[in-house]
Amino acid sequence: MEIKGWLRAALEGLRRAGAEYADARFLDCATESITVRNEQVAALSRDRDRGFGIRVLYRGSWGFAASAELAEPEVEAIAERALEIAKASRLTQRRPVRLDDSPPYVDTYRTEFELDPFIVPLDKKLELLFSALKVLRRDPRVRLAEGTMRFFKTYKLFLSSDGAEIAQEFLESGAGIQATAIQDGEVQRRSYPNSFGGNFAARGYEFVESLKLVENAERVREEALALLSADPCPAGKTDLILDSSQLGLQIHESCGHPSELDRALGMEISYAGGSFLTVDKLRKFRYGSRLVNIYADATLPGSIGSFGYDDEGVRAQRFPIVEEGLFVGYLTSRETAPILGKRSGGAMRAASWSHIPLIRMVNINLEPGEEDLSLEDLIADTKDGIFMATNKSWSIDDLRLNFQFGCELAWEIKHGKRTRLLKNPLYTGITPQFWGSCDAICGRKEWKLWGLPNCGKGEPPQLMHVAHGAAPARFRGIEVGAPRG
Amino acid sequence: MIGRERILEGLERLLKRLPGEQFELVYTGGRSDLTRYTRSEIHQNVSVENMRVYIRAALGKRLGVVTVNTLEEGPLLQAAKQAVELAQRQPENPYFEGFPSPAEYEPTTTYFEATAKFTPKQRAEVVKKVFAEAERLGFEVSGAFSTSTGEIAVLNSNGLEAYQPLTGVEISLVPVSQEGMGYADAFAHDVEKIDLEAVAARALERCSLNKGQQDIPLGQYDVILEPGCLAEVMRWLNLIAFRAQAFIEGTSFLAGKLGERAMGENITIYDSIHEPEAQGLPFDFQGCPKRKVTLIERGINRGVVFDLMSARQAKAEPTGHAGPPDSPYGPMPWNICMEAGDSSLEEMVASCEKGLLVTRFHYLNGFLDPKRAMMTGMTRYGTFLVEEGKIKHAVKNLRWTESMLRAFSNVRAISRKREVFSYGGAAGFAIAPAVYIEGFTFTGVQEEGAVGQ
């Protein structure tokens, strides 16, 4: 491949020009997106995106430049521009950047899959989506039935001036359906398997088939219709049980983001904010109850939060963020880990060739609890509470403390039984208080992995593919309600 | 910059080599540079050259879209072939009536050489001066300073040809003290239009005020929202209410309620490319001329934005708001504006018996109950208690949960001065004034609280 030689030469040139470190990434990405609405194909597109980016560390300051033009003179020009930018950065330097001593690897990594979605005929994909939508639309009150599929295929080459050379190939698939029922000014929505595009995995088309969209469509439709006449979620403090998917987003916003060390160090203050998990809290701060164990795990097979190596060439790892309720670990990079006296935890990821890597979530998973505890057992064990499922809205403050989530559906629980369906449920809380009130987590049989392909961070904004594993859990004395105003 | 001739000639050449089907080609591309700083030091500094060519094939009423990021003929021809294959496998779209015909566009000025030529070194020198000013006050500064240069071109088999270059510059300054943060930002097409000293002064002043934050009881307060708060609210209104898809599907509060009152008489919201503060692209992603669209007029629901297909579906007039050909969201307002009033921020504060002055909103979400435009969010970068016409002290960041239909029915004053906010690039923006709203609902506070069990 010509580009490899050009990039290798550019890195050598940067070394000669005085850079202490440089790396280069070439990416070739294919995407297919399908959105069907009612009887129409609302959007169907294929995208091919190729390009390279060069990052250079010059006398302790960073520069980065990238281009889609795959030609040798352009590679040389972009390397020069990256160096020029690093020199400009140096004008304000206060503390020179120093990288850890992570070793350079020469290796390859590839997603395992059975069926390449890019060679599955389009007719077959559309037929699956339209079959599910046909079931959703059997009642005219379902005004909008929507189905989506998205597939990503990525080749990524990483080279560094330290001698790393890593080629990785990723394949990711996802799908979901959604019913929006409307009657008398009331709008209610149900989604499967998750809202905002469904679920995603680092697997082939077999993952889409395993979701059984058609088989679940009737239940989705009936729940959307039932919500039209449901009572609003009553306001007050009660015991709250969250389903696995909503808990995944709770982990994402209130544990994943605040444990990014760049955020904790203030590097994101001007955009999505900082973190209450400041460095002085490491190994001292009680984040949650003793049941709460949360791990970062980039090694999990089949997940869109997994990889062989991050975008600094650091090997994928598994390590605790919260252990028995104690905050014990950050997501780190080669630049930030030395501040804690450590090597990088391998969490530097870039959304494309045109972005710099930032500290990003991988798979951030809540460990399952009691081995045999099912969701139904947990409901049966709850005297007075609310069960909420599937995210509808989300908001959290700039330190990741005060959050408010809305869900698509809730059930009131009285004396261990689901008594009535509730619409527009919200719950709100403060992160450490909330996790401190966790008194039960279901077992491994209820544990599911949720792929989120749209985690936003950074300027210019980057969307990253991350995932969260969780089993349903119960939280005592949480403020719930419905939106008022 | 590739330039008008090279882009159009390249696309025309491609169009001539394509088979008999109808085609639409859209080119977007350019260079984006961004300098990011934290603790008065540049920590991220990037420059990206990229492009995207959208090829949409139409076989009768069947459409297929393929995008690539190259202008090389081989990959473009291959992409066009794929677009035809995708179209062949799709059901007919009954609302597609062919690509638009050539049109005349009202000229707008969106490109400025000074912005295009601004260098990484110049950006570093600008922020270095701000860092020095902040240091005198004991503050450190975070933020981002970006410049972009781009081009958009649309061609189709009917002979339509549209081209526009554009530049953008955006700066945000977040001074950070031991006790709190301040904020100010600015966006323009022309770097010379931005008064960087004024932006810095505003940010530093706000940071100086934002100290000793106190608790206040939750509940309803009169609020004075700075323009940035409104820009965020309008961004969400675009998504849940003012776009064709939400209107057609019935989830927008305007659906079935055109001509009815939704807000107070002093609220007018519209989409326009010709404003004194900024200008937008004169055509949409299909090359249709952009029309001014009144969305809310004196509180009455007037309309939403459409492209050709959604207008046909809704039996409405197209407005020239087509999005990128692969967008699942459909047409959106790109240049949303709220009409100015006759007040000022200072007059609003002076007239306030008891209320809160809010610098910015953070992390809004408008999916709570779109029919009532229910939203939640936090305050950020300085929230202040105002009593008897004076700022008394800073308060902690607060969560609010409110129907924006209710809030916009209770607006007591709107400022004469409006500010421009980028919607993620040089083409999309919001122009918003400051507003005084009576009885805004605050439902939570930012606090660490008691440590967990």
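This is a predicted model: local features need pLDDT of at least 70, side-chain atom pairs count only at pLDDT 80 or more; totals for chains, interfaces and linings use all residues.
The largest nonpolar core comprises 307 residues, and the members that touch the most others are Ile54(A), Val56(A), Ala82(A), Leu136(A), Ile55(B), Ala83(B) and Ile224(B). Strand E17 of chain B, spanning residues 429–445, contributes the most to this core, with 11 residues. When neighbours within four places in sequence are left aside, the contacts of Ile224(B) include Leu345(B), Met348(B), Val349(B), Cys352(B), Ala434(B) and Tyr436(B).

Chain B is assigned domain 1 (4–209) and domain 2 (219–445), with 23 Å between the domain centres, taken over C-alpha atoms. Their contact involves 41 residues of domain 1 of chain B and 34 residues of domain 2 of chain B. On the side of domain 1, the elements that give two or more residues include strand E1 (22–38), strand E2 (41–59), strand E5 (161–176) and helix H5 (196–209) of chain B. Of the elements on this side, E5(B) gives the most, with seven residues. By class, the domain 1 side consists of 21 nonpolar, 14 polar and six charged residues.

Between the chains, the contact draws 81 residues from chain B and 75 residues from chain A. E2(B) provides the most on the side of chain B, with 11 residues, and that side as a whole has 29 nonpolar, 34 polar and 18 charged residues. E2(B) also pairs with strand E3 of chain A (residues 61–67) in the parallel sense, over four bridges; Val46(B) in E2(B) is the bridge partner of Phe64(A).

Definitions and conventions
Residues are numbered from 1 along each chain as its sequence is written. Chains are lettered from A and ligands numbered from 1 in the order in which they are written. A nonpolar core is a set of buried Ala, Val, Leu, Ile, Met, Phe, Trp, Tyr and Cys residues joined through C-beta atoms within 7 Å. A residue is buried if 20 or more other C-beta atoms lie within 10 Å of its own, exposed if 12 or fewer, and partly exposed in between; C-beta atoms are placed from the backbone. Two residues are in contact if their C-beta atoms, placed from the backbone, lie within 7 Å. Domain bounds come from an automatic or database domain assignment. Ala, Val, Leu, Ile, Met, Phe, Trp, Tyr, Cys and Pro count as nonpolar, Asp, Glu, Lys and Arg as charged, and the others, Gly among them, as polar. Two strands pair if DSSP finds at least two bridges between them.
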